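Open the model in your viewer and keep the sequence beside it. This tour tells you what to select at each stop.

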Amino acid sequence: MIGGDGWDHFDDEGDYNYDDAMLDLRLPPQVSVVLTPETGHLGIVGQAAIVEVGGAISTSGTSFATPKIVELLEPPEESFDLPAVEEPADLLWTPIARMIMSPTRFREEWSRHISDMNYERREHLKRGNLFGAHLAVIRAHFYSLPVAWLLIPVRFMLHLLRHWLGI
Amino acid sequence: MDKGKSWPSGKELEVLRLLESAGAGMYGLELVEKSKGAIGRESIYKYLWRLEEKGYVTKKIPATADHPGMPRPIYRINGLGQMALAAAENMGIFGAGARS
């Protein structure tokens, strides 16, 4: 209803559901809030308001947040204190030995050579002797190889030679 | 003949002698070094395996190793090995150079 003075007037003015104490509403103290998670790169910038209404303090429904990119840097380098796990070295022809040797012989002879190689390699690496570590691996390859295996290509070559010579 | 009671060969007796002289257990590489060339690195584990099968040597594998991979076993002469060694010495099986 529009009154004669040009302002709106409501007939049911007295029916508003508030009392005089609510008129004591003061401006809420506003606090700027910036939330920046440490592991992320998105910050939330907003304001939180504490509203005191009739002696009761309320914080609900008055805050708003605006997502904002705080920084676009590369992710921080993560440093884990994991112990350096050194892969045990293995002999190149271990798969062949596993096929040819009996399991007992493989365990009792072949794996001992591998253990010795890893031991010697580790000892050289402890002293910073990289050449010695490489040499230990080569030496273990030489000593672990059964002599009979070396005869296989020799026999094969002799067989070819006899074939070519017609003997 | 039962393989577990067969007599140790000359090289195996040499390994037994080295193990007895050390007192404590020894690694395979230590045996090769102590033998000063008498026992090759390529054959040491063959002899040790045979000696273990024959019952003259006992083997102990540590639970953990200070190097990557499987731990190295420690070999030690047992009572039967000492008896065999003593018998070999009494019979003069060792050569003149073997006891040097």
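Helices (H or I, at least four residues) and strands (E, at least two) are DSSP runs, numbered from the N terminus. This is a predicted model, where local features need pLDDT of at least 70, side-chain atom pairs count only at pLDDT 80 or more, and totals for chains, interfaces and linings use all residues. Residues are numbered from 1 along each chain as its sequence is written, while chains are lettered from A and ligands numbered from 1 in the order in which they are written.

**Stop 1: chain B as a whole**

Select chain B. It has four helices and two strands. From the N terminus, the order is α-α-α-β-β-α. Of its 100 residues, 30% count as buried. A residue is buried if 20 or more other C-beta atoms lie within 10 Å of its own, exposed if 12 or fewer, and partly exposed in between, with C-beta atoms placed from the backbone. Two residues are in contact if their C-beta atoms, placed from the backbone, lie within 7 Å. Take the contacts in chain B between residues at least 6 apart in sequence: 58% of them join residues at least 24 apart.

**Stop 2: two crossing helices**

Now select residues 10-22 of chain B, which are helix 1, and residues 28-35, which are helix 2. How do their axes cross? They come within 10 Å and cross at roughly 100°. Axes here are lines fitted to C-alpha atoms, for helices over the stretch in contact, and angles run from 0 to 180 degrees between N-to-C directions. The two helices of chain B are therefore roughly perpendicular to each other (65 to 115 degrees; under 35 is roughly parallel, over 145 roughly antiparallel, the rest oblique).

Show the side chains at this contact. Helix 1 of chain B brings Glu14(B), Val15(B) and Leu18(B), and helix 2 of chain B brings Leu31(B), Lys34(B) and Ser35(B). By class, that is three nonpolar, one polar and two charged residues. Ala, Val, Leu, Ile, Met, Phe, Trp, Tyr, Cys and Pro count as nonpolar, Asp, Glu, Lys and Arg as charged, and the others, Gly among them, as polar.

**Stop 3: the loop at Ala65(B)**

Move to Ala65(B), in the loop between strand 1 and strand 2 of chain B. Is Ala65(B) buried or partly exposed? It counts as partly exposed, because it has 16 C-beta neighbours inside 10 Å. Leaving aside neighbours within four places in sequence, Ala65(B) contacts Met70(B), Pro71(B) and Arg72(B).

**Stop 4: helix 4 of chain B**

Select residues 79-91 of chain B, which form helix 4. Gly81(B), Ala84(B) and Leu85(B) are buried there. They cover an arc of only 100° around the axis, so they sit on the same side of helix 4 of chain B. That arc is taken from the directions from the helix axis to the C-beta atoms. Helix 1, strand 1 (57-60) and strand 2 (74-77) of chain B are among what covers these buried residues.

Turn to the face away from the buried side. Gly79(B), Met83(B), Ala86(B), Ala87(B) and Asn90(B) are exposed there. Just after this helix, Gly92(B) takes a positive phi of about 70°.

**Stop 5: across to chain A**

Bring chain A into view. It has four helices and five strands, in the pattern β-β-β-β-β-α-α-α-α. Buried residues make up 10% of its 167 residues.

Finally, highlight where the chains meet. The contact takes 15 residues from chain A and 13 from chain B. Which element gives the most to the chain A side? Helix 2 (residues 103-126) of chain A does, with 11 residues. The chain A side has four nonpolar, four polar and seven charged residues.

Technical notes
Expected span 1.5 Å × (residues − 1).
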